[in-house]
Amino acid sequence: MKCAMCEKEAKFKDNTSIGVKYFCSEKCWAEYIGVEVKPEGYYGMVQKKVGWWA
Ligand SMILES: [Zn+2]
């Protein structure tokens, strides 16, 4: 599954206002839903995949 914002492989999914979308990072996720971009892990979306971005 590709990220909704770029061509990278998605690492997690989120149930957004328009349905389930897949994202490669919290950066893409934050940009997609329109919240402030924070360091990876800030929103807890990828905490079950610790280390994948290292
Ligand atoms: Zn992405």
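User: In what order do the elements of the protein run from the N terminus on?

Analyst: Start with the order of elements. Here they run β-β-α. The protein has one helix and two strands. Keep in mind that this is a predicted model.

User: What pLDDT does the protein average?

Analyst: The average is 86. A score of at least 70 is reached by 85% of the residues. Then look at the elements. Helix 1, residues 26-33, has the highest mean pLDDT, 95. Strand 1, residues 12-16, has the lowest among the elements, 90.

User: How do strand 1 and strand 2 run, and how many bridges join them?

Analyst: They run antiparallel, and five bridges join them. Strand 2 spans residues 19-23. The two strands form a hairpin, with two residues between them.

User: Which residues are bridge partners in strand 2 for Asp-14 and Asn-15?

Analyst: Asp-14 pairs with Lys-21. Asn-15 pairs with Val-20.

User: Is Val-20 buried or exposed?

Analyst: Count the C-beta neighbours. Val-20 has 9 inside 10 Å, so it counts as exposed. This residue sits in strand 2. Leaving aside neighbours within four places in sequence, Val-20 is in contact with Lys-13 and Asn-15.

User: Why does Cys-28 count as buried?

Analyst: The cut-off for burial is 20 or more other C-beta atoms within 10 Å. Cys-28 has 20, so it is buried. Cys-28 lies in helix 1.

User: Which residues does Cys-28 touch, not counting those up to four places away in sequence?

Analyst: Cys-28 touches Cys-3, Ala-4, Met-5, Cys-6 and Phe-23. Take Ala-4 as an example. Cys-28 and Ala-4 are 24 residues apart in sequence, yet their C-alpha atoms are 7.8 Å apart in space.

User: What share of contacts join residues at least 24 apart?

Analyst: Consider contacts between residues at least 6 apart in sequence. Of these, 21% join residues at least 24 apart.

User: Which residues of helix 1 are buried?

Analyst: They are Glu-26, Cys-28 and Trp-29. These three cover an arc of only 160° around the axis, so they lie on the same side of helix 1. An α-helix has 3.6 residues a turn, so residues three or four places apart point the same way.

User: What do the buried residues of helix 1 pack against?

Analyst: They pack against strand 1 and strand 2.

User: Which residues form the largest nonpolar core?

Analyst: First the general idea. In soluble globular proteins, nonpolar side chains tend to be buried together. Now this case. The largest nonpolar core has five residues: Cys-3, Phe-23, Cys-24, Cys-28 and Trp-29. Two of the names return from the helix: Cys-28 and Trp-29 are among its buried residues.

User: How much of the protein do buried residues make up?

Analyst: They make up 17% of the 54 residues.

Technical notes: Residues are numbered from 1 along each chain as its sequence is written. This is a predicted model: local features need pLDDT of at least 70, side-chain atom pairs count only at pLDDT 80 or more; totals for chains, interfaces and linings use all residues. pLDDT is the predictor's confidence in each residue, from 0 to 100. Helices (H or I, at least four residues) and strands (E, at least two) are DSSP runs, numbered from the N terminus. Two strands pair if DSSP finds at least two bridges between them. A nonpolar core is a set of buried Ala, Val, Leu, Ile, Met, Phe, Trp, Tyr and Cys residues joined through C-beta atoms within 7 Å. A residue is buried if 20 or more other C-beta atoms lie within 10 Å of its own, exposed if 12 or fewer, and partly exposed in between; C-beta atoms are placed from the backbone. Two residues are in contact if their C-beta atoms, placed from the backbone, lie within 7 Å. The arc is that of the directions from the helix axis to the C-beta atoms.
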